[in-house]
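Hello,

Here is the structure I promised. Please open it alongside this message.

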Amino acid sequence: MAGTLRRECLDHPLIHGERHLRKVLTEYEHHFHHHRPHQSRSLHPPLHHPSQMIDMTSRIHRRSTVTGLINEHHRAA
């Protein structure tokens, strides 16, 4: 995860002190564990339940995270 953290998160924004760094790291950790797809799980996010049906007709919502560095996309419930 350290290499991924550096490449996807810390190489891009300008960090303004320890408080800002902690905020960026906390947001990235949440994104990594709850939304980001993983190759070892066939590119499904960690909390994906294969038995859960997805309504393909619902709208897609975008949420900006990690201080605007990453966009997450979710289908509306």
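Below is what was found in it, taken topic by topic.

Ground rules come first. This is a predicted model, in which local features need pLDDT of at least 70 and side-chain atom pairs count only at pLDDT 80 or more, while totals for chains, interfaces and linings use all residues. Residues are numbered from 1 along each chain as its sequence is written, and side-chain values use heavy atoms, with hydrogens and water left out.

**Core**

The largest nonpolar core has 7 residues: L5, C9, V24, Y28, F32, V66 and I70. Helices α1 and α2 are the elements that give two or more residues to this core. The largest share, 3 residues, comes from α2. (A nonpolar core is a set of buried Ala, Val, Leu, Ile, Met, Phe, Trp, Tyr and Cys residues joined through side-chain atoms within 4.5 Å. Buried means under 20% relative accessible area, exposed over 50%, partly exposed in between, with a 1.4 Å probe and protein chains only. Helices (H or I, at least four residues) and strands (E, at least two) are DSSP runs, numbered from the N terminus.)

V24 is a core member. V24 touches C9, I15, V66 and T67, leaving aside residues up to four places away in sequence. Contact here means heavy atoms within 4.5 Å.

**Hairpin**

Strand β1 covers residues 60-65 and strand β2 covers residues 70-75. They pair in the antiparallel sense over 6 bridges. (Two strands pair if DSSP finds at least two bridges between them.) H61 stands opposite H74 in β2. R63 has E72 in β2 as its bridge partner. The hairpin has 4 residues between the strands, and V66 takes a positive phi near 50 degrees there.

T65 lies in β1. T65 counts as buried because its relative accessibility is 6%. Its contacts, not counting residues up to four places away in sequence, are E27, H31, I70 and E72.

**Salt bridges**

The count comes to 2 salt bridges. The rule is a side-chain nitrogen of Lys or Arg within 4 Å of a carboxyl oxygen of Asp or Glu.

- E18 and R22: the closest N and O atoms are 2.7 Å apart. These two are about one helical turn apart because they sit 4 residues from each other in helix α2 (residues 18-34).
- K23 and E27: the closest N and O atoms are 3.8 Å apart. Both lie in α2, 4 residues apart, about one turn of the helix. K23 counts as partly exposed at 46% relative accessibility. E27 is partly exposed too, at 21%.

**Surface**

L10, L21 and L25 make a nonpolar surface patch of about 190 Å². L10 is found in helix α1 (residues 2-10). L10 is partly exposed, with a relative accessible area of 32%. (Patches are made of residues with over 30% relative accessible area and no salt bridge; like charges are joined within 9 Å, nonpolar side chains (Val, Leu, Ile, Met, Phe, Trp, Tyr) within 5 Å. Accessible areas come from the Shrake-Rupley method with a 1.4 Å probe; for residues, only the protein chains shown count as cover.)

Best wishes
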